[in-house]
Amino acid sequence: MMRMRARLLLVQVLVVTLLVVLAVRLWQVQVVRGNEFVTRATETRTRAVIVPAVRGQILDSHGRPLVRNKTALVVSVDRTRLTRMKDGGLKVLSKLSAVLGRPVADLQQRITPCGPGVRKPCWTGSPYQPVPLDEKVDTREALQILERQEEFPGVTAEIHSVRQYPGGRDGAQMLGYLQPVTEAELEKREGLKASFSGVDLAGRDGLEYVYDEALRGKSGLRRVQVDRMGKALGVEEQITPIPGDHLVTSIDSRVQSVVEKALAKAMKSAPAADGGAGVVLDARTGRVVALASAPGYDPAVWAGGISTRGYQWLLSDKSDMPLVSRAINGQFAPGSTFKISSVSAMLRSGYPLNGTYECPGSYMVGDRAFSNFRGVSLGSLSLHTALVKSCDTIFYKAAYEQYLKDGGRNPKKATKEIFANTARAFGFGRPTGVDLPGESSGRIPDRAWKKDLWNRINAVSCERSRKGYPEVKDRARADFLKRLALENCTEGFLLRPGDSANFSIGQGDVLVTPMQLARAYMALVSDGKLRSPRIGWAQVRPDGKVVRTIPVPVVGKLPISEKERLYIKNALSQVPSDGTAAGAFAGFPMDKVRIGGKTGTAEVWGKQDTSWFASFAPTKNPQYVVVVMVSQGGMGAQTAAPAVREIYEGIYGIKRPPAVPGGKLTTRLPSFSPDGTVAGG
């Protein structure tokens, strides 16, 4: 009996203890931490949804769209949700495959994060971002997903804004493209992370990259009340997204089309051509009117993700790398177009502007003869005629004489290097600063450059001078390379006499970009000021209000007097009518539009010559600077000059409707209506 009472007492003590513990716990939950749990409970009844902003358009100088938006049904997948399923989402993807008509393996590949060993198409964006699988679904496909949502957990079909390119391939490298926001970008850019909607895209190249922040706008917020099952009950709070600003550019889409066609025709006319570029600048302002690079590509390939094969093709030698903009990234020897710098260097060195100069068929530079084009002697010439007829030996002689004045191979004191420094004053050897990413700097090969190059390749040159080139089957070629390696090993740090001669006519190691050359000619034929070209003209709100205009900065001044500048300009004004480009412009109505310019034919070892023509028009009061370059295009007068002629014919409407009525570029921004549309458009 006593044992039974003891057991009952123990049970009573346990029950009382449990009741006390429960009471204490209830007191903690309801009193001590009551507010905390109420807040949590409230939070679980709301869902915050960031609403992406509509991206701004990219417009030409008249308000015509270069890049615009269109609405499309986009099917996206929440990768995180799928991976948490027992089968990794395979069942869902299988059903989705049947709806979209695409293999399961392809869908799996597209949602796999990119990384080492992962081939494209893979997911480059944040792991927390829905992965778009198809941006071209029709309404029937979307309804199959939306009406059977229980069969497609983690899958959405929503209307999104996607990029459209009215000009097709025109200016693809200049415009750029969009890609999903990466996790690294979210961590790096605080403003982007705060407004990240989960479906945002970021500019990856061209104008889309440079003006990404302005174009993107600001995301909105919608806080939705839901029940415990996640069903929406109503909107608790809503902040409307702010659409991105439009970017008005100085590009004239009609001129851009003319340049693209002329460049394509020039490429076809030269069987070996593997690349080309066309640049049109407004000589008065420094703004870019057209910028083309060949070969081009269709920027629509980025929509929905690009395959590994497609991406590699864009970067391959077989496709001639259409992703690369030859206009700002291509570096080529400029040939005789470079003589505007060399004749200026002569004037800075003390050679008389109105002097007379002998133009023999060849000239001895050190122990080597450097010849004129085809060895032709042109007799006694003025500098004016030397430019018109493109005499080389006058420039060889002047450059060699300055080389000797600097001390030749082994200078004993600081060198002036007038030819190299004049070229830098013309803007060569450094980026122009145009508002595009990844611009190349070109190359001015002076003594410092030679020493730096030698320090970097000396070990390789010396090894090759001993071992030779057994892999080269042509023995004569192999022997030549071995001798060259020995020369570079022992004295590659020295600037040789031939280097100075080649430099003076834009050959050898000197490299420029088409944009650099156009910028230099623009300064020469306008006011002598060196400007940093701009494509962006103004940032405009969707309601038409101008947020800001984008100035064209002056970054330098040509190192010649006004008299010298006009002298050189007047000489170039005769080249298309009486000089090396006369054949290309035969029959052109110079009485209507007089064109000036300079041909360039640059030799490239193992390839066809690079064809150049740098021009301006009208010669009296230049409105345009047009430069065309065709890699492996042959002589300048043969390929590039006819392309420039075709561009001017298109601009001024010679035998066709004019791309620019009256030939005068607009000086005013397009007018916008209150609803954001272009007035009168």
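**Tour: cores and a helix pair**

Select L207, L291, M346, F428, I535 and V625: of the 84 residues in the largest nonpolar core, these touch the most other members. A nonpolar core here is a set of buried Ala, Val, Leu, Ile, Met, Phe, Trp, Tyr and Cys residues joined through side-chain atoms within 4.5 Å. Buried means under 20% relative accessible area (1.4 Å probe, protein chains only). Now colour helix α21, residues 514–525, which gives this core its largest share, nine residues. Helices are DSSP runs of H or I, at least four residues, and strands are runs of E, at least two, numbered from the N terminus.

The model is predicted: local features need pLDDT of at least 70, side-chain atom pairs count only at pLDDT 80 or more, and totals for chains, interfaces and linings use all residues. Residues are numbered from 1 along each chain as its sequence is written, and side-chain values use heavy atoms, without hydrogens and water.

Centre on F428. Leaving out residues up to four places away in sequence, F428 touches F338, S341, A423, I444, V512, Q516, L517 and A520 (contact: heavy atoms within 4.5 Å). Then select V255, V289, F585 and Y624, which belong to a second, separate core of 40 residues.

Next, show α14 (339–348) and α22 (562–572). Their axes come within 11 Å and cross at roughly 140°. Axes are lines fitted to C-alpha atoms over the stretch in contact, with angles from 0 to 180 degrees between N-to-C directions. I340, V343, S344 and L347 of α14 meet E564, I568 and L572 of α22.

Zoom out. The protein has 24 helices and 23 strands. Buried residues are 50% of its 681.
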